[in-house]
Amino acid sequence: MAEPVIIGCFPRSGSTLLRCILNTHPNIYAGPELGFRIKAILEQLYGMGKKANLIEQDTKKLARLWIENFYQTACYRNNKTRWIDKSPLNLTFSSYWKDVFPNSKFIIMVRDPRDCLASFRKLGYSKVLNAFWPGAGFDDDEYKMFLFILQLFEELKKEIESTLEIYGQ
C-alpha cells in the first residue's frame with residue numbers, strides 16, 4: 001500500500017472540497033474527517049508508551065499499525081490503494097504524522113484568510129469552533145459583544161501610525 005497523504009489546513013479553507021475531489025480518484029480513499037480522534041489516539045499511545053517504558057520506536061510502530069489497520073480496511077472495502085487523512089488539526093500535530101509515517105506527503109491547504117473569516121461568519125462562529133474543538137460549548141451570543149475588525153497585513157505595514165491611532169481610541 002502506498003504511503004498516505006495528509007491534509008492540514010485552517011478551518012473553512014476548502015480542504016473538504018479537496019478531499020472530495022481526491023476521493024473521486026480510482027486509487028485514493030479519502031474518507032470522513034477523523035483528525036481529532038487520530039490526534040487523541042496518537043497522544044494516548046505516546047503517553048502509554050512512556051508509562052510502559054517502551055522505547056519511542058516501539059510506540060511509533062504501534063501507532064502506525066493502529067492507523068494503517070483502520071485505513072487499510074477502509075481502502076480494501078472501497079477497492080482503493082492509497083488513503084488520505086484530512087483535518088485542520090493535522091497542522092497542530094504534523095510532527096506525529098512525520099514520526100509515524102516518515103514518507104507520507106503533507107498538503108497544506110491555503111485560502112485567503114479574509115475568505116475563511118467570511119465563511120466563519122456566514123456559517124456561525126460557534127458552529128465552526130465547536131466542530132474544531134469538540135465539547136468546547138461555544139455560543140454565537142458570546143461573539144455578539146465583540147467588534148471584529150479585519151486588519152490587513154499589507155495595510156498595517158503601510159500605515160502603522162494610523163493603525164495605532166484607530167486601536168488606541
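This is a predicted model: local features need pLDDT of at least 70, side-chain atom pairs count only at pLDDT 80 or more; totals for chains, interfaces and linings use all residues.
Leaving aside its neighbours within four places in sequence, with which residues is W97 in contact? Contact here means heavy atoms within 4.5 Å, and on that basis the partners of W97 are I6, I38, I67, W83, D85, N90, P102, S104 and F106.

Residues are numbered from 1 along each chain as its sequence is written, and side-chain values use heavy atoms, with hydrogens and water left out.

The secondary structure of the protein comes to 9 helices and 4 strands, where helices (H or I, at least four residues) and strands (E, at least two) are DSSP runs numbered from the N terminus. Read from the N terminus on, the elements follow the order β-α-β-α-α-β-α-β-α-α-α-α-α. Of the 169 residues, 34% count as buried, a term that means under 20% relative accessible area, with exposed meaning over 50% and partly exposed in between (1.4 Å probe, protein chains only). Among the contacts with a separation of 6 or more, 71% are accounted for by residues 24 or more positions apart.

The strands form an open sheet of 4 strands in the order β2-β3-β1-β4, with parallel pairing; two strands pair if DSSP finds at least two bridges between them. At the edges stand β2 (28-29) and β4 (105-109), each of which pairs on one side only. Strand β1 (residues 5-9) pairs with β4 in the parallel sense over 5 bridges, and with β3 in the parallel sense over 3 bridges.

Across β2 and β3 (82-86) lies α3, which runs at about 120° to β3; axes are lines fitted to C-alpha atoms, for helices over the stretch in contact, and angles run from 0 to 180 degrees between N-to-C directions. Helix α3 (residues 56-77) has 22 residues and reaches 32 Å from its first C-alpha to its last, close to the 32 Å expected at 1.5 Å a residue, the expected span being 1.5 Å times one less than the number of residues. Its buried residues are T59, K60, A63, I67, E68, Y71, A74 and C75, and the helix is followed by N79, whose phi is positive, near 55°.

The largest nonpolar core has 18 residues, and those with the most contacts inside it are I38, L42, I67, Y71, W83 and W97. Such a core is a set of buried Ala, Val, Leu, Ile, Met, Phe, Trp, Tyr and Cys residues joined through side-chain atoms within 4.5 Å. At least two residues of this core come from each of α2 (35-51), α3 and α4 (94-100), and α3 gives the most, with 5 residues. Apart from this core lies another, of 6 residues, among them V5, I28, A30 and I84.
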